[in-house]
Amino acid sequence: GISKISFSEKQWYINEDNYAEAFLGKCESCKKVNKLYEGLSYDKVLVCGLGLGLIPQYLKIQENCSVVDVIDNNNELITWVNSEGFLDDDINIIEGDVLSYTPDKKYDLILIDIWWNESEITEDIKNTLKTNYLSHLNDGGKLLLPGIEEELK
């Protein structure tokens, strides 16, 4: 069915084919998320959380990003997504834990797409994410948690 993505400004976005657009700040009703992307140009992206691959596929096909890497710890999901063949072959899926993974390259955008409620993301988790990922950003790059409308600096 169709679900809704809710934002703290009491706006919502219907998730038909627009999930990636909402999380990448490309929808009119996502004003706070849109602000996260102001001034950001990206070509190399790490997506933390595979889901069904909507965001990585959008980044590769619609945004024409040269590097789209994805980290996820769910082997069964990774196997299923790979077997379905609907993701571009150039999308690199890495099996690992978002909270302990250390990238081996730098990115323009590191996007944390893990479905947590804001109350579940503690300062310790944010600090772990910053420790693991901030040094793996190119100059001007951003570490974003669009689900809670926050940039980690």
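Is Lys-44 buried, partly exposed or exposed? In this predicted model, Lys-44 counts as partly exposed, at 31% relative accessibility.

## Lys-44 and its partner

The side chain of Lys-44 meets that of Asp-43 in a salt bridge, with an N to O distance of 3.6 Å. Asp-43 has a relative accessible area of 27% and is likewise partly exposed. Both values fall in the partly exposed class because buried means under 20% and exposed over 50%.

## The open sheet

Six strands form an open sheet with mixed pairing, in the order S5-S4-S3-S6-S7-S8. Its edges are strand S5 (92-95) and strand S8 (150-152), each of which pairs on one side only. On average, neighbouring strands of the sheet are turned by 20° against each other, direction ignored.

Within this sheet, strand S6 (residues 107-112) and strand S7 (residues 137-145) run parallel and are joined by four bridges. Leu-111 has Leu-144 in S7 as its bridge partner. Helix H4 (residues 75-84) packs on the sheet, where it touches strand S4 (67-72) and S5. The direction of helix H4 makes about 160° with that of S5.

Side chains of opposite charge can pair when their charged atoms come close. Six salt bridges are found in a search of the whole structure. One of them is formed by the side chains of Glu-63 and Lys-26, at 3.3 Å from N to O. This pair links distant parts of the chain, as its two residues are 37 residues apart. Glu-63 belongs to the loop between helix H3 (54-61) and S4, whereas Lys-26 belongs to the loop between helix H1 (19-23) and helix H2 (31-36).

Glu-63 is partly exposed, with a relative accessible area of 26%. Lys-26 is also partly exposed, and its relative accessible area is 38%.

Another salt bridge brings together the side chains of Lys-126 and Glu-150, at 3.0 Å from N to O. Lys-126 lies in helix H5 (residues 123-133) and Glu-150 in strand S8, so this pair ties together parts that are 24 residues apart in sequence. Strand S8 is one of the edge strands of the sheet.

Lys-126 has a relative accessible area of 9% and is therefore buried.

How values were computed. Residues numbered from 1 in each chain as written. Predicted model: local features only at pLDDT ≥ 70, side-chain atom pairs only at ≥ 80, totals over all residues. Heavy atoms only, no water. Pairing = 2+ DSSP bridges. Axes fitted to C-alpha atoms, helices over the stretch in contact; angles between N-to-C directions. Contact = heavy atoms within 4.5 Å. Salt bridge = Lys/Arg side-chain N within 4 Å of Asp/Glu carboxyl O. Buried < 20%, exposed > 50% of the residue type's maximum accessible area, 1.4 Å probe, protein only.
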